[in-house]
Amino acid sequence: MTRPIARVLTLLELLQSGGIRTVAELADRLGVDERTVRRYAGHLIDLDVPVESVRGRYGGYRLAPGYRMPPLMLTDDEALAVLLGLAAGRRSGSTTAVGAAGETATAKIRRVLPERLRVRLDAVLATLAFTAPTREADIPDSAVLLPVADAVTRHRPISMRYTAADGRRSERTVHPHGIVAHSGKWYVTAVDPAIGEDRTFRLDRVSGVRTLPGTFEPPAGADPAQRVLTGLATAPYRHEVRLRVLGTAEQIHARLPAGIAIVEEPPPPDGAGPETERWARVDLRVERLDWLPAVLASLDRPFVIEYPDELRGLVESLAARLADSARRGAPPG
(Lines give C-alpha, C1' and ligand atoms only; values in the text may rest on other atoms or scores of the structure.)
Protein backbone atom coordinates (compact mmCIF):
# COMPACT_ATOMS: atom_id res chain seq x y z
CA MET A 1 0.00 0.00 0.00
CA THR A 2 1.45 3.36 -1.00
CA ARG A 3 1.93 5.94 1.72
CA PRO A 4 -0.84 8.36 0.60
CA ILE A 5 -3.44 5.57 0.55
CA ALA A 6 -2.27 4.35 3.95
CA ARG A 7 -2.60 7.86 5.36
CA VAL A 8 -6.10 8.29 3.87
CA LEU A 9 -7.20 5.07 5.60
CA THR A 10 -5.56 6.25 8.83
CA LEU A 11 -7.52 9.51 8.51
CA LEU A 12 -10.73 7.46 8.18
CA GLU A 13 -9.84 5.47 11.30
CA LEU A 14 -9.22 8.67 13.26
CA LEU A 15 -12.55 10.16 12.18
CA GLN A 16 -14.43 6.95 13.05
CA SER A 17 -13.37 7.32 16.69
CA GLY A 18 -15.98 10.09 16.93
CA GLY A 19 -16.13 13.82 17.53
CA ILE A 20 -14.52 16.69 15.66
CA ARG A 21 -10.84 16.39 14.80
CA THR A 22 -9.02 19.64 14.11
CA VAL A 23 -6.93 19.95 10.97
CA ALA A 24 -3.83 20.66 13.09
CA GLU A 25 -4.41 17.53 15.16
CA LEU A 26 -4.92 15.37 12.08
CA ALA A 27 -1.82 16.82 10.41
CA ASP A 28 0.22 15.96 13.49
CA ARG A 29 -1.14 12.40 13.70
CA LEU A 30 -0.59 11.76 9.99
CA GLY A 31 2.78 13.48 9.78
CA VAL A 32 1.73 15.79 6.92
CA ASP A 33 0.85 19.46 6.52
CA GLU A 34 -2.69 20.84 6.86
CA ARG A 35 -3.12 21.28 3.10
CA THR A 36 -2.47 17.56 2.63
CA VAL A 37 -5.04 16.72 5.30
CA ARG A 38 -7.66 18.65 3.33
CA ARG A 39 -6.68 16.77 0.18
CA TYR A 40 -7.02 13.41 2.00
CA ALA A 41 -10.46 14.45 3.30
CA GLY A 42 -11.43 15.20 -0.30
CA HIS A 43 -10.35 11.68 -1.29
CA LEU A 44 -12.73 10.23 1.33
CA ILE A 45 -15.58 12.42 0.10
CA ASP A 46 -14.92 11.18 -3.46
CA LEU A 47 -15.39 7.63 -2.09
CA ASP A 48 -18.84 8.65 -0.71
CA VAL A 49 -17.59 8.60 2.88
CA PRO A 50 -19.73 11.28 4.63
CA VAL A 51 -16.97 13.60 5.85
CA GLU A 52 -18.17 16.99 7.10
CA SER A 53 -16.06 20.14 7.36
CA VAL A 54 -16.74 22.10 10.56
CA ARG A 55 -15.85 25.78 10.48
CA GLY A 56 -14.78 27.98 13.39
CA ARG A 57 -11.99 28.25 15.91
CA TYR A 58 -12.40 24.63 17.00
CA GLY A 59 -13.46 23.38 13.59
CA GLY A 60 -12.05 20.52 11.61
CA TYR A 61 -13.51 17.30 10.23
CA ARG A 62 -16.00 14.76 11.47
CA LEU A 63 -18.01 11.86 10.05
CA ALA A 64 -21.69 12.53 9.45
CA PRO A 65 -24.36 9.83 9.21
CA GLY A 66 -24.31 8.54 5.64
CA TYR A 67 -26.72 6.64 3.43
CA ARG A 68 -24.51 3.60 3.82
CA MET A 69 -21.90 2.42 6.28
CA PRO A 70 -18.40 3.63 5.33
CA PRO A 71 -15.49 1.18 5.34
CA LEU A 72 -14.75 0.13 8.91
CA MET A 73 -11.26 0.42 10.33
CA LEU A 74 -10.93 -1.95 13.30
CA THR A 75 -7.93 -2.55 15.50
CA ASP A 76 -7.07 -6.11 16.53
CA ASP A 77 -8.78 -5.65 19.89
CA GLU A 78 -11.89 -4.10 18.29
CA ALA A 79 -12.24 -6.91 15.75
CA LEU A 80 -11.90 -9.51 18.50
CA ALA A 81 -14.49 -7.70 20.62
CA VAL A 82 -17.02 -7.60 17.75
CA LEU A 83 -16.63 -11.26 16.75
CA LEU A 84 -16.68 -12.54 20.34
CA GLY A 85 -19.73 -10.35 21.02
CA LEU A 86 -21.58 -11.88 18.07
CA ALA A 87 -20.64 -15.41 19.14
CA ALA A 88 -21.61 -14.86 22.79
CA GLY A 89 -24.81 -13.05 21.81
CA ARG A 90 -25.98 -15.94 19.64
CA ARG A 91 -25.39 -18.46 22.43
CA SER A 92 -27.00 -16.40 25.20
CA GLY A 93 -30.02 -15.37 23.14
CA SER A 94 -29.28 -11.70 23.78
CA THR A 95 -28.59 -10.80 20.15
CA THR A 96 -31.37 -9.40 17.96
CA ALA A 97 -29.92 -10.93 14.80
CA VAL A 98 -32.78 -12.63 12.96
CA GLY A 99 -32.09 -15.88 11.12
CA ALA A 100 -28.65 -15.85 9.54
CA ALA A 101 -27.98 -12.14 10.15
CA GLY A 102 -25.43 -12.88 12.85
CA GLU A 103 -23.62 -15.36 10.62
CA THR A 104 -23.54 -13.00 7.64
CA ALA A 105 -22.29 -10.12 9.81
CA THR A 106 -19.49 -12.34 11.11
CA ALA A 107 -18.61 -13.44 7.58
CA LYS A 108 -18.46 -9.83 6.33
CA ILE A 109 -16.11 -8.78 9.11
CA ARG A 110 -13.89 -11.83 8.63
CA ARG A 111 -13.70 -11.23 4.88
CA VAL A 112 -12.10 -7.78 5.26
CA LEU A 113 -9.64 -8.77 7.97
CA PRO A 114 -5.95 -9.17 7.14
CA GLU A 115 -4.91 -12.80 6.84
CA ARG A 116 -2.66 -12.50 9.90
CA LEU A 117 -5.52 -11.30 12.10
CA ARG A 118 -8.17 -13.59 10.58
CA VAL A 119 -6.14 -16.71 11.37
CA ARG A 120 -5.61 -15.61 14.97
CA LEU A 121 -9.27 -14.75 15.53
CA ASP A 122 -10.42 -18.02 13.94
CA ALA A 123 -8.13 -19.82 16.39
CA VAL A 124 -9.85 -18.09 19.31
CA LEU A 125 -13.36 -18.87 18.03
CA ALA A 126 -12.43 -22.50 17.22
CA THR A 127 -10.95 -23.20 20.66
CA LEU A 128 -13.42 -21.22 22.75
CA ALA A 129 -15.78 -23.32 24.91
CA PHE A 130 -18.85 -22.03 26.76
CA THR A 131 -19.94 -23.40 30.13
CA ALA A 132 -23.62 -22.59 29.53
CA PRO A 133 -25.68 -24.33 26.82
CA THR A 134 -26.89 -22.46 23.79
CA ARG A 135 -30.12 -20.67 24.64
CA GLU A 136 -33.00 -20.60 22.20
CA ALA A 137 -34.02 -16.98 21.75
CA ASP A 138 -37.33 -15.39 20.85
CA ILE A 139 -35.97 -12.66 18.60
CA PRO A 140 -38.00 -9.46 18.19
CA ASP A 141 -38.43 -8.09 14.68
CA SER A 142 -36.23 -5.04 14.06
CA ALA A 143 -39.37 -3.30 12.70
CA VAL A 144 -40.72 -3.64 16.26
CA LEU A 145 -37.58 -3.19 18.38
CA LEU A 146 -36.29 -0.02 16.72
CA PRO A 147 -39.48 2.11 16.90
CA VAL A 148 -40.17 0.91 20.46
CA ALA A 149 -36.61 1.84 21.53
CA ASP A 150 -37.04 5.24 19.86
CA ALA A 151 -40.31 5.79 21.73
CA VAL A 152 -38.66 4.84 25.04
CA THR A 153 -35.85 7.34 24.43
CA ARG A 154 -38.11 10.19 23.27
CA HIS A 155 -40.97 9.45 25.71
CA ARG A 156 -43.50 9.00 22.90
CA PRO A 157 -46.69 6.91 23.22
CA ILE A 158 -47.14 4.02 20.80
CA SER A 159 -49.96 1.95 19.40
CA MET A 160 -49.26 -1.75 18.91
CA ARG A 161 -50.93 -5.08 18.28
CA TYR A 162 -50.24 -7.72 20.94
CA THR A 163 -50.81 -11.47 20.94
CA ALA A 164 -51.07 -12.92 24.45
CA ALA A 165 -49.78 -16.36 25.46
CA ASP A 166 -53.26 -17.86 25.04
CA GLY A 167 -53.54 -16.46 21.48
CA ARG A 168 -55.86 -13.56 22.27
CA ARG A 169 -55.09 -10.47 20.17
CA SER A 170 -55.59 -6.86 21.20
CA GLU A 171 -54.73 -3.34 20.13
CA ARG A 172 -52.87 -1.42 22.85
CA THR A 173 -51.86 2.20 23.40
CA VAL A 174 -49.03 2.34 25.92
CA HIS A 175 -46.30 4.59 27.28
CA PRO A 176 -43.08 2.51 26.97
CA HIS A 177 -40.27 3.31 29.41
CA GLY A 178 -37.81 0.40 29.22
CA ILE A 179 -36.53 -2.56 27.18
CA VAL A 180 -35.12 -5.63 28.92
CA ALA A 181 -33.41 -8.76 27.57
CA HIS A 182 -33.78 -11.75 29.93
CA SER A 183 -33.14 -15.45 29.35
CA GLY A 184 -33.38 -15.29 25.56
CA LYS A 185 -36.53 -13.14 25.56
CA TRP A 186 -37.00 -9.39 25.03
CA TYR A 187 -39.55 -7.35 26.95
CA VAL A 188 -40.85 -3.78 26.94
CA THR A 189 -42.13 -2.28 30.17
CA ALA A 190 -44.85 0.32 29.72
CA VAL A 191 -47.65 2.15 31.47
CA ASP A 192 -51.15 1.42 30.17
CA PRO A 193 -52.76 4.89 30.44
CA ALA A 194 -56.28 3.42 30.19
CA ILE A 195 -55.91 1.74 33.59
CA GLY A 196 -52.92 3.64 34.97
CA GLU A 197 -50.89 0.50 35.66
CA ASP A 198 -47.49 -0.81 34.64
CA ARG A 199 -47.43 -3.70 32.17
CA THR A 200 -44.76 -5.93 30.63
CA PHE A 201 -45.01 -7.19 27.03
CA ARG A 202 -42.94 -9.78 25.16
CA LEU A 203 -41.52 -8.01 22.10
CA ASP A 204 -41.70 -11.13 19.92
CA ARG A 205 -45.50 -11.01 20.41
CA VAL A 206 -45.73 -7.36 19.35
CA SER A 207 -46.52 -6.18 15.80
CA GLY A 208 -47.80 -3.11 13.98
CA VAL A 209 -45.99 -0.52 16.13
CA ARG A 210 -46.97 3.12 15.41
CA THR A 211 -45.57 6.17 17.18
CA LEU A 212 -48.35 8.50 18.31
CA PRO A 213 -48.34 12.29 18.75
CA GLY A 214 -47.44 13.82 22.08
CA THR A 215 -45.09 12.87 24.90
CA PHE A 216 -45.41 11.43 28.41
CA GLU A 217 -43.50 11.58 31.67
CA PRO A 218 -41.92 8.20 32.62
CA PRO A 219 -42.78 6.95 36.12
CA ALA A 220 -40.33 8.20 38.75
CA GLY A 221 -37.78 5.65 39.89
CA ALA A 222 -38.85 3.10 37.29
CA ASP A 223 -36.57 0.04 37.14
CA PRO A 224 -37.52 -1.90 33.97
CA ALA A 225 -35.24 -4.88 34.75
CA GLN A 226 -36.68 -5.28 38.25
CA ARG A 227 -40.20 -4.89 36.86
CA VAL A 228 -39.63 -7.79 34.47
CA LEU A 229 -38.07 -10.02 37.15
CA THR A 230 -40.88 -9.29 39.59
CA GLY A 231 -43.47 -9.96 36.90
CA LEU A 232 -41.92 -13.34 36.10
CA ALA A 233 -41.67 -14.27 39.78
CA THR A 234 -45.32 -13.39 40.45
CA ALA A 235 -46.84 -14.88 37.29
CA PRO A 236 -49.56 -17.46 37.96
CA TYR A 237 -48.20 -21.01 38.24
CA ARG A 238 -49.49 -24.30 39.60
CA HIS A 239 -47.82 -24.07 43.02
CA GLU A 240 -47.33 -21.16 45.41
CA VAL A 241 -44.46 -21.63 47.85
CA ARG A 242 -43.55 -19.62 50.92
CA LEU A 243 -40.34 -20.17 52.88
CA ARG A 244 -38.45 -18.55 55.71
CA VAL A 245 -34.70 -18.62 55.18
CA LEU A 246 -32.03 -17.51 57.64
CA GLY A 247 -29.86 -15.34 55.39
CA THR A 248 -29.62 -12.23 53.28
CA ALA A 249 -31.31 -11.59 49.94
CA GLU A 250 -27.89 -11.83 48.25
CA GLN A 251 -27.25 -15.27 49.75
CA ILE A 252 -30.70 -16.52 48.78
CA HIS A 253 -30.62 -15.10 45.23
CA ALA A 254 -27.34 -16.96 44.64
CA ARG A 255 -29.52 -20.10 44.28
CA LEU A 256 -32.98 -18.65 43.70
CA PRO A 257 -32.65 -15.82 41.13
CA ALA A 258 -34.87 -12.75 41.26
CA GLY A 259 -36.82 -14.00 38.24
CA ILE A 260 -37.92 -17.02 40.32
CA ALA A 261 -38.14 -15.82 43.91
CA ILE A 262 -39.20 -12.64 45.70
CA VAL A 263 -37.17 -12.12 48.87
CA GLU A 264 -38.23 -9.75 51.65
CA GLU A 265 -35.70 -9.03 54.37
CA PRO A 266 -37.17 -7.83 57.70
CA PRO A 267 -35.64 -4.75 59.36
CA PRO A 268 -33.07 -5.51 62.08
CA PRO A 269 -34.52 -5.67 65.61
CA ASP A 270 -33.80 -2.84 68.01
CA GLY A 271 -30.19 -2.90 69.16
CA ALA A 272 -29.08 -5.41 66.51
CA GLY A 273 -26.29 -4.55 64.10
CA PRO A 274 -26.59 -4.83 60.30
CA GLU A 275 -24.54 -8.04 60.39
CA THR A 276 -27.17 -9.83 62.50
CA GLU A 277 -28.73 -12.68 60.51
CA ARG A 278 -32.49 -12.53 60.09
CA TRP A 279 -35.20 -14.80 58.72
CA ALA A 280 -36.14 -13.55 55.25
CA ARG A 281 -39.47 -14.36 53.63
CA VAL A 282 -39.21 -16.05 50.22
CA ASP A 283 -42.18 -16.41 47.85
CA LEU A 284 -42.09 -18.54 44.70
CA ARG A 285 -44.57 -19.60 42.05
CA VAL A 286 -43.57 -22.77 40.21
CA GLU A 287 -45.09 -25.35 37.91
CA ARG A 288 -43.27 -28.28 39.60
CA LEU A 289 -41.93 -28.83 43.09
CA ASP A 290 -39.57 -31.74 42.44
CA TRP A 291 -36.53 -29.54 41.73
CA LEU A 292 -36.86 -27.35 44.82
CA PRO A 293 -35.52 -29.74 47.53
CA ALA A 294 -32.08 -29.97 45.90
CA VAL A 295 -31.94 -26.19 45.46
CA LEU A 296 -32.91 -25.62 49.09
CA ALA A 297 -30.19 -28.04 50.18
CA SER A 298 -27.66 -26.15 48.07
CA LEU A 299 -28.53 -22.93 49.91
CA ASP A 300 -26.73 -24.34 52.96
CA ARG A 301 -28.91 -22.07 55.10
CA PRO A 302 -31.54 -22.99 57.72
CA PHE A 303 -35.03 -22.76 56.24
CA VAL A 304 -38.66 -23.33 57.22
CA ILE A 305 -41.41 -24.37 54.79
CA GLU A 306 -44.64 -22.49 55.50
CA TYR A 307 -46.48 -24.06 52.56
CA PRO A 308 -47.25 -26.25 50.67
CA ASP A 309 -47.14 -29.44 52.75
CA GLU A 310 -46.27 -31.42 49.61
CA LEU A 311 -42.86 -29.71 49.54
CA ARG A 312 -42.11 -30.90 53.09
CA GLY A 313 -42.58 -34.49 51.97
CA LEU A 314 -40.27 -34.02 49.00
CA VAL A 315 -37.55 -32.49 51.21
CA GLU A 316 -37.86 -35.37 53.71
CA SER A 317 -37.61 -37.89 50.86
CA LEU A 318 -34.45 -36.22 49.51
CA ALA A 319 -32.92 -36.11 53.00
CA ALA A 320 -33.60 -39.83 53.46
CA ARG A 321 -32.00 -40.67 50.11
CA LEU A 322 -28.93 -38.58 50.91
CA ALA A 323 -28.59 -40.19 54.37
CA ASP A 324 -28.91 -43.65 52.80
CA SER A 325 -26.21 -42.84 50.24
CA ALA A 326 -23.91 -41.50 52.99
CA ARG A 327 -24.19 -44.81 54.92
CA ARG A 328 -23.85 -47.04 51.90
CA GLY A 329 -20.53 -48.84 51.46
CA ALA A 330 -18.50 -49.11 48.31
CA PRO A 331 -20.04 -51.40 45.64
CA PRO A 332 -18.34 -54.79 45.01
CA GLY A 333 -15.41 -54.71 42.59
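Visitor: What stands opposite Val245?

Guide: Ala280, in β10, stands opposite Val245. Before we go on: this is a predicted model, where local features need pLDDT of at least 70 and side-chain atom pairs count only at pLDDT 80 or more, while totals for chains, interfaces and linings use all residues. Residues are numbered from 1 along each chain as its sequence is written, and side-chain values use heavy atoms, leaving out hydrogens and water.

Visitor: How do you know that β8 and β10 pair?

Guide: Count the bridges. Two strands pair if DSSP finds at least two bridges between them, and β8 and β10 have 8, in the antiparallel sense. A strand here is a DSSP run of E, at least two residues; a helix is a run of H or I, at least four, and both are numbered from the N terminus.

Visitor: What makes β9 and β11 edge strands?

Guide: The open sheet has 4 strands in the order β9-β10-β8-β11, with antiparallel pairing. β9 and β11 (303-307) each have a single partner strand, so one side of each lacks a neighbour in the sheet. The twist averages 20° from one strand to the next.

Visitor: Which helices pack on the sheet?

Guide: α10 does, touching β8, β10 and β11, with its direction about 15° from that of β8. α11 also packs there, touching β8 and β11, and its direction makes about 140° with that of β11. Touching means contact, i.e. heavy atoms within 4.5 Å. Angles run from 0 to 180 degrees between N-to-C directions, with axes fitted to C-alpha atoms, for helices over the stretch in contact.

Visitor: Why is α2 called roughly perpendicular to α3?

Guide: The axes of α2 (residues 23-30) and α3 come within 9 Å and cross at roughly 95°. That makes α2 roughly perpendicular to α3, because the label covers 65 to 115 degrees; under 35 is roughly parallel, over 145 roughly antiparallel, and the rest oblique. Residues meeting across this pair include Leu26 and Leu30 in α2, and Val37 and Tyr40 in α3.

Visitor: Is Thr36 buried or exposed, and how do you know?

Guide: Thr36 sits in helix α3 (residues 34-46), and its 11% relative accessibility makes it buried. The cut-offs are under 20% relative accessible area for buried, over 50% for exposed and partly exposed in between, using a 1.4 Å probe and protein chains only.

Visitor: What makes Thr36 and Asp33 a polar contact?

Guide: Their side chains are joined at 2.6 Å. The rule asks for a pair of N or O atoms within 3.5 Å; within protein, one must be able to donate a hydrogen and the other to accept it, and neighbours in sequence count only if both atoms are side-chain atoms.

Visitor: What makes a set of residues a nonpolar core?

Guide: Its members are buried Ala, Val, Leu, Ile, Met, Phe, Trp, Tyr and Cys residues joined through side-chain atoms within 4.5 Å. The largest has 20 residues, and those touching the most other members include Val241, Leu256 and Val282. Elements giving it two or more residues include β8 (239-246), β10 (279-286) and α11 (309-327). Not counting residues up to four places away in sequence, Leu256 touches several residues, among them Trp291 and Val295. A second, separate core of 17 residues includes Leu15, Val37, Leu44 and Tyr61.
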